[in-house]
Amino acid sequence: IGEFLTAKGWVRLADMATGDVLIRQMQGQLKRHSNTFAEKSPTPVAYVTGPKTAYQPIAYPNLTAAEVAAADLAKKNFSSIRSAAFDWRCHRRAETLLVIRNMLLAWARVHKPYGNPLIDEFMLNPAIAYFHVREALSDLDRKVIEPWLRDAMDRNRAWFERITADRNAGRNNWFSHGLCNVAVHAVAIDSRKDLNWVVNATRIFLGEHIEPGGETVDFRGRDALGYHCYSLRGLVLLAQAMNVHGVSLYNYRASKEGNGSMTQAMAFLIPFIEKTRTHLEYVNSKVPHDKLKWHVKELGKPWDFNPGVPFPYAGAYDPRWGAYARAKARVDTRDQPYLHRFPGYN
């Protein structure tokens, strides 16, 4: 399902491609992404940068401007590893597997995750890639790569447990992404114990984060549909990871009376997508920096539907989300028809 399509699912997709030109176009685009990725040499760095949080278990080092620039470039070069893994699933080229292997090994030997959700989420791409190629790698390779992914999982779990213990900490999108990081890495290394922890922690969090009408804490606190979608990005990807574990969380409600679900949080967006309602972003945000610094350009402007995540992710559960994304993509990307069918694969 979605990012975690199983081996059986990839075989079915290959069979469908024989009679579906759009699937073949998607496969061709994945191959082009993979070929571009193969031209990049591994440039791993020990530390990357991003927004700070007081609860992360690993402290920030003092990085020079050159080190920050190198880290940003390294992350950019690393980001398309997920497409390369999808291409390997489609075409099984040995050279593609070798490139993915070498990139994962290089980073695993050098990089140190912080346990900071919004920084460590760049590791979702390599974790998903590893999920798809794990069985094709040797035991020796797995013994190098999996401890690195486990560090990211353990440290994000430690962060989540620390911040959850602080009842004054808002239950916002940071929680969504922290849980998502743990879930995806746990699926990648098949840690059943941690997957069970994710199930319980997510059920509690959903009860605190989504209201009966589908509004999230982020929407209420930031007065922004953009943040509502950002939180759902982490949650819906987490739900896909949990489906691999055999647990359904997309429709889960902590209680029928007092809480909403991911399903309802997605449905909350429909009138704004269909423009029967309009929302002016950040006007009543409770975070002063939204109006003074962070989101000045969006302040007071109508929310503009972006067909990116979480919509392609949610399309795995309800085809209308893919339909909305494709309709927008047809307008925005006329020259790339594969996006009309698979808007999340670019």
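Contact here means heavy atoms within 4.5 Å. Keep that cut-off in mind for the tour of this predicted model.

**Stop 1: H1 and H2**

Select residues 7-17, helix H1, and residues 21-38, helix H2. Their axes lie 7 Å apart, and the two helices pack at an angle of about 120°. That angle makes H1 oblique to H2.

Now show the side chains. On H1, pick Leu13, Ala14, Met16 and Ala17. They meet Ile23, Arg24, Met26 and Gln27 on H2. Colour this contact of H1 with H2 by class: 6 residues are nonpolar, 1 is polar and 1 is charged.

**Stop 2: Asn77**

Move to helix H3, residues 65-78, and select Asn77 there. Is Asn77 buried or exposed? Its relative accessibility is 16%. Buried means under 20%, so Asn77 counts as buried. Next, display what Asn77 touches: Phe37, Lys40 and Thr43, leaving aside residues up to four places away in sequence.

**Stop 3: H5 and H8**

Select helix H5, residues 94-110, together with helix H8, residues 139-165. Here the packing angle is about 55°, and the axes are 9 Å apart. H5 and H8 are therefore oblique to each other. Their crossing is left-handed.

Which residues make the contact? From H5, highlight Arg101, Leu104, Leu105, Trp107, Ala108 and Arg109.

Methods: Residues are numbered from 1 along each chain as its sequence is written. This is a predicted model: local features need pLDDT of at least 70, side-chain atom pairs count only at pLDDT 80 or more; totals for chains, interfaces and linings use all residues. Side-chain values use heavy atoms; hydrogens and water are left out. Axes are lines fitted to C-alpha atoms, for helices over the stretch in contact, and angles run from 0 to 180 degrees between N-to-C directions. Helices (H or I, at least four residues) and strands (E, at least two) are DSSP runs, numbered from the N terminus. Angles under 35 degrees count as roughly parallel, over 145 as roughly antiparallel, 65 to 115 as roughly perpendicular and the rest as oblique. Ala, Val, Leu, Ile, Met, Phe, Trp, Tyr, Cys and Pro count as nonpolar, Asp, Glu, Lys and Arg as charged, and the others, Gly among them, as polar. A crossing is left-handed if the near helix is turned anticlockwise from the far one by less than a right angle, and right-handed if clockwise. Buried means under 20% relative accessible area, exposed over 50%, partly exposed in between (1.4 Å probe, protein chains only).
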